[in-house]
Structure formats: C-alpha cells, structure tokens
Protein chains: 2
Amino acid sequence: MSLYFITGNKNKLEEVKAILGGVEQLDIDLPEIQDLDAKNIIKAKLAEAMKHKKGELIVEDTSLYMECLNGLPGPFIKWFLKSIGNDGLARLADKLGNDKAEAKTIIGYVGREGNIHFFEGSIKGKIIAPKGETSFGWDPIFQPDGFDKSFAEMGKEEKNKVSMRRIALDELKGFLQDGGKG
Amino acid sequence: MSLYFITGNKNKLEEVKAILGGVEQLDIDLPEIQDLDAKNIIKAKLAEAMKHKKGELIVEDTSLYMECLNGLPGPFIKWFLKSIGNDGLARLADKLGNDKAEAKTIIGYVGREGNIHFFEGSIKGKIIAPKGETSFGWDPIFQPDGFDKSFAEMGKEEKNKVSMRRIALDELKGFLQDGGKG
C-alpha cells in the first residue's frame, strides 16, 4: 500500500518527499468547505478523497492567523490574498495596531484502518510591509520571531529551519516510524 | 411537483413564502464550499441538493460586501461574525477610513429541466457602529442609503421595503409567472 499526498503544489510535494521518503502525489481537486477550524476542512477533504483512493492519505493546510483579526484569515487566507492581497493584509495589521501572527500547518493523515490523525506545526511572528519575492502566497509579509527578514527573503535552507510544515511533517514521520496505528 | 426552499432559517422561509406562495422547506445540511463568488457556492449546493430531492429547488445567499476590504467578507460573512463580530467589522471600516458597503442576495433556482437560474437583489449602504437588536447577523452595522438607522432598528415592514432579498425574490417570481423555462 502506498502513501499518497493530495496536492497540486509541486513545492509542497518536494518538501514532503524530502522528509517522508516514498510519497506519491495524488492531484485530485477536493471541495474545500467553509470553516474557521482547518481540521474540519481537512476531515471533509479526506472523507471525499477516501471515496476515490484506497491507501494511506495525507492532506495539509497551511494558514496565517492574525491576532488583530482574532485568528482570521486562517483557512480563508487564499481569499484574503485574492481580494486585498499582501498589501491589504499588512495595512490591516498596521491600522489595527497589532502585528502579531502565527503561521500554522496542520496535516491530516488517514491510515489503513481509516482513522484520521492530525499533526501540527506552528511558528510565531509578525506581519510586516511586503518584502522579498512575491511568488509564494503570504511569505512576503510574515517575519518569524527572531529574524529580521520575511519568509520570502529567506533561502530554502534557512526557511526550512523555521518551517511550520517541517515541524508537522517530523511529527507525522515519528508517528509512522512508531508503526502508526491509523 | 413542488418548489423547495433549502434553508434552516425560519425567518427566511417566511419571507419566501410571503412572496412566492406555496413553497416547502427542505432543511438539509449542504456543504458550503469556499469561494469569493456566491454563485459558485450556490451552484455547488444545488448540485448536491439535486442528489437528494427531485423537483424545483431554491438556495439563497445573502452577504455583506465592504469596499474597504475590496468585497470581503462577502460569502465569508458568517466566519467574520464568529471571529471579530459586528464590533470588529465596524472597527475595520472606521480604521480603514471607508464605510461603503453593499448587501446582496443571490437566489439560485433549478427548475424541472435541471438548469440553474440566478436572481439578484442588492442595497447600497454604509457600515456604522452597532445599533439596535443584535439578534440577526450583521443587521446592527448596516445602514441602507437614505435612512438614518440600521437594519436592526427597522420594523419588519420598513425593512421589507429595502430588502435585497425581496428584490431577488420578486425577480424569481416574475420569472416563474412567465412560465420559467428552467
């Protein structure tokens, strides 16, 4: 039986392969339900994915949570970027006078017995005016605590050291090495 | 064949019955996908509903679009209310220096031949500090143009005169009376 990572994102696939080894990509389009809790969105995706594919499945959600918006955008980050963009998000933090934020990855894994397990990784930081490459989502406006540059200004290696996705993947890896009872 | 309005909201049901007559309630829980365009959300709901029920079906979406957020919250209004509430929304408009907003209802109707038709009604207004009854969503912070009170401060009759839902329903009614080719 194979382990499938459901994603259309090549960068995420590479990061997952680098940590977990023999993972296969499953590029299917799953409906994304509305919810403030990323776990519920992941659950709905996995339930749908299980109709299409037998085997072990992984779905991940990486979201940006801003304190000035009481946790928004959270799982709605994609739509905030589409409508107000990084400039708009940075302006919100500035005008509301609170730049605290958290970048969080949640991985949902469903194993051979059909149970769902969650693994989380999070990094605290602050929202800044956009700096660096603008190619990857909200990377230009998130500056992790202890650094003086945005995610977008970091090299791949440097970023991996403070990656919320890496933390979550390491947890999953440990679980699987322990013979994951999923 | 019956006309079913898919909703769990008794107030909305009453309003629809008052205008369209013999409508039956269908209280099923449909997944709400993430999208900035309410029409896509309605389409996904109707597609799912058609698996459960034969007949003519109606789904509606009423959302608040704020100019200072380039159209957000839009169909995500429910989650903005849960996280930052009416106070938070009013504060955003204030801090961003733009109180313009639009309240919009979109009705999706699927007829006997399975085609989807949309009917829209919208009201322009502005975002104000919460005033009036707080029982119904964002009514306390929306003040329609030409009035000096919020939706929440209006009586039912007065509010019906400026109801975006009523405008959309009147359009649907006209369509059905013309023998709607859906």
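This report describes the interface and the symmetry of chain A and chain B in a predicted model.

## Extent of the interface

The contact between the two chains involves 21 residues of chain B and 21 residues of chain A. The size of an interface is often given as the accessible area lost when the parts come together. For chain B and chain A the buried area is about 2,100 Å², and carbon and sulfur atoms account for 66% of it.

## Composition and polar pairs

Ten residue pairs, both members at pLDDT 80 or more, are in polar contact across the interface of chain B and chain A. On the side of chain B that touches chain A, helix H3 (77–83) and helix H4 (85–96) of chain B each supply at least two residues. The residues on this side of chain B comprise 13 nonpolar, three polar and five charged.

Zero salt bridges are found by the rule across the interface of chain B and chain A.

## Symmetry

Two copies of a chain are related by a rotation about an axis and a shift along it. Here, chain B is superposed on chain A by a rotation of 180° with 0.0 Å of shift along the axis, at an RMSD of 0.0 Å. This is the relation of a two-fold axis. Within chain B, B:Ile33 has the C-alpha nearest the axis, at 2.1 Å from it.

Of the interface residues of chain B, 100% are also interface residues in chain A, so the copies meet through the same surface.

Conventions:
Residues numbered from 1 in each chain as written. Chains lettered and ligands numbered in written order. Predicted model: local features only at pLDDT ≥ 70, side-chain atom pairs only at ≥ 80, totals over all residues. Heavy atoms only, no water. Contact = heavy atoms within 4.5 Å. Buried area = accessible area lost by both parts, 1.4 Å probe. Salt bridge = Lys/Arg side-chain N within 4 Å of Asp/Glu carboxyl O. Polar contact = N/O pair within 3.5 Å; in protein donor to acceptor, adjacent residues only side chain to side chain. Helix = DSSP H or I, 4+ residues; strand = E, 2+ residues; numbered from the N terminus. Nonpolar A, V, L, I, M, F, W, Y, C, P; charged D, E, K, R; others polar. Least-squares fit on C-alpha atoms with pLDDT ≥ 70 in both.
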